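Please look over the sequence and the structure below before reading on.

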Amino acid sequence: MARLARPADGGAAVPLGSWPGSLFGLGMAAPPMHGDFEAQRHWMEITAHLPVKDWYWHDLEWWGLDYPPLTAYHSWVLGIIGDSINPAWFALHDSRGSDDPALKTFMRASAIASELVTYIPAAVIFVRLYGRESAMSKYDKAVALAAILLQPALMLIDHGHFQYNAVMLGLTVLALDCFLTDHIYWGSFFFVLSLGFKQMALYYAPAVFAYLLGLCVFPHINVLRLIMLGITVVASFALVFAPLIVLGGREQLGQSLFRMFPFARGLWEDKVANFWCAANVAVKFRERFDSGLLQKASLVATLLAILPPCVILFLTPSKRLLPLALSATAWGFFLFSFQVHEKSVLLPLMPITLYLAASLDRDVVAWISWMNNLAMFSMWPLLQRDGLVLQYGVMSLLYAWLMGTFENLPRGWVGRLIHVGSYMAVLGLHVGEYMVGRVERWPDLWVVAGVEVCFGGFVVAWLWVLGALWRESRREGEKWKRE
């Protein structure tokens, strides 16, 4: 990986597309619901103008608040600031579906500012700490940091589709930073904050739990540490939920949890490249089985998928294993859990991209680049609906250029076959969709074909991460024996 781009170039340009749905974020001229941009704006509206007791109950049919309290508090702060600039932006009810360019500029600035105070500094610190553990040169650490900050999937979702995933991911990376410096209680606190911002951070929770439990057991049992970790986690959750309960009443706890875990929505949303959606071509799960049975089946499948990385990390609680273990558990959740959204692929991508701070070996770079490229394609239907076609193409090509995708393939013939085959399949599907267009007999043909390609690739990605985790754990184990 010999190229280094300027990290600021991509993210600022993503929302400046010419399509109506992508100008400064999704929402413009996209009735009736105006997309996720309107959801974020609406949460600022209700938190700034309604009492806390109404936050999780107000007009649930119009983008009802369905994220944990830290998202609500974040929306409240931004709503208060925006309301002081222009009250029309967040006027209760009257501002719905607003497409004021000045409002979109404010919202874009809020996303960039939120990322600047969480994700970017956390990533910089991580690369310095983790790169030091791996004895990387300053140049290699700079290249790794550029690849992390230019991750195209996160840019397109947060800056184009418009969300604040970088805050949740940044808090998780801050937790990793603390773990790398042996501040495990602060790490636990920051990870609870990540969970308190978006419940999707649960994808990482089993690996974090396994790591902390392993530190309490090896090399000898430390009961005091276990107790202190338990107190830290409980106190951190209490701190997150306290304002909601004190100002809104105890019933807010149950309602917020109910809104956070919408099992009634079904097995998956839209067409997502996980097992259930991919296998639905052969077995119509939602038609043949009731929701309760599917929830249990997905729970068992997910537990089986996340068990290997958790066991490895528990038995070898090494800092170096953290990015791989978090990615492996997140892949397990994405592939087999209940109620998965296509944007959830950001969860396994973030920690495996962080692993570049450990190695810029040709194989490592090739596989991580491939995972990012395939994840981008898995979100193609969503990005296409958002009018982010040009941004998708440009960001994909720029990242492939940065990572040397067109020059570097894995050393083994199996890896090369997988990479070349999947790239050809992606290109073929894009060309087919453009040349043929909608097929009336199979209206979802191109989307479903993309799901099958990406699901197969993501299974390979999960297996590759597991293999890398196992090899790293063996090396760490041998190192511990020598010491």
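The sections below describe a predicted model, taking cavities and then salt bridges.

## Cavities

A search of the whole structure turns up 4 cavities of 30 Å³ or more. The largest cavity holds about 130 Å³ of space.

Its lining consists of 15 residues, and those nearest the centre are W380, P381, W446, V447 and G450. Two or more lining residues come from each of helix 18 (362-378), helix 19 (380-385), helix 21 (413-436) and helix 22 (445-482). Helix 22 gives the largest share, 5 residues. Sorted by class, the lining has 9 nonpolar, 4 polar and 2 charged residues.

The model has 9 salt bridges. One of them joins the side chains of R41 and E38, at 2.8 Å from N to O. Both residues belong to helix 2 (residues 35-49) and sit 3 residues apart, about one turn of the helix. R41 and E38 are both buried. Through shared partners, salt bridges join E38, R41 and E45 into one network.

## Salt bridges between distant parts of the chain

R385 and E342 form a salt bridge with an N to O distance of 3.8 Å. R385 is in helix 19, while E342 is in the loop between helix 16 (322-336) and helix 17 (346-354), 43 residues apart. R385 counts as exposed because its relative accessibility is 52%, whereas E342 is buried at 4%.

In the salt bridge of D361 with R411, the closest N and O atoms are 3.2 Å apart. D361 lies in the loop between helix 17 and helix 18, and R411 in the loop between helix 20 (389-402) and helix 21, 50 residues apart. D361 is partly exposed, with a relative accessible area of 29%; R411 is partly exposed, at 47%.

Notes. Residues are numbered from 1 along each chain as its sequence is written. This is a predicted model: local features need pLDDT of at least 70, side-chain atom pairs count only at pLDDT 80 or more; totals for chains, interfaces and linings use all residues. Side-chain values use heavy atoms; hydrogens and water are left out. On a 1 Å grid over the protein atoms alone, a cavity is a set of points where a 1.4 Å probe fits but cannot get out, and a pocket is an open set with protein on both sides within 12 Å along at least five of seven lines; lining residues have an atom within 4 Å of a point. Grid points are joined across faces, edges and corners, and a volume is the space filled by probe spheres set on the points. Helices (H or I, at least four residues) and strands (E, at least two) are DSSP runs, numbered from the N terminus. Ala, Val, Leu, Ile, Met, Phe, Trp, Tyr, Cys and Pro count as nonpolar, Asp, Glu, Lys and Arg as charged, and the others, Gly among them, as polar. A salt bridge is a side-chain nitrogen of Lys or Arg within 4 Å of a carboxyl oxygen of Asp or Glu. Buried means under 20% relative accessible area, exposed over 50%, partly exposed in between (1.4 Å probe, protein chains only).
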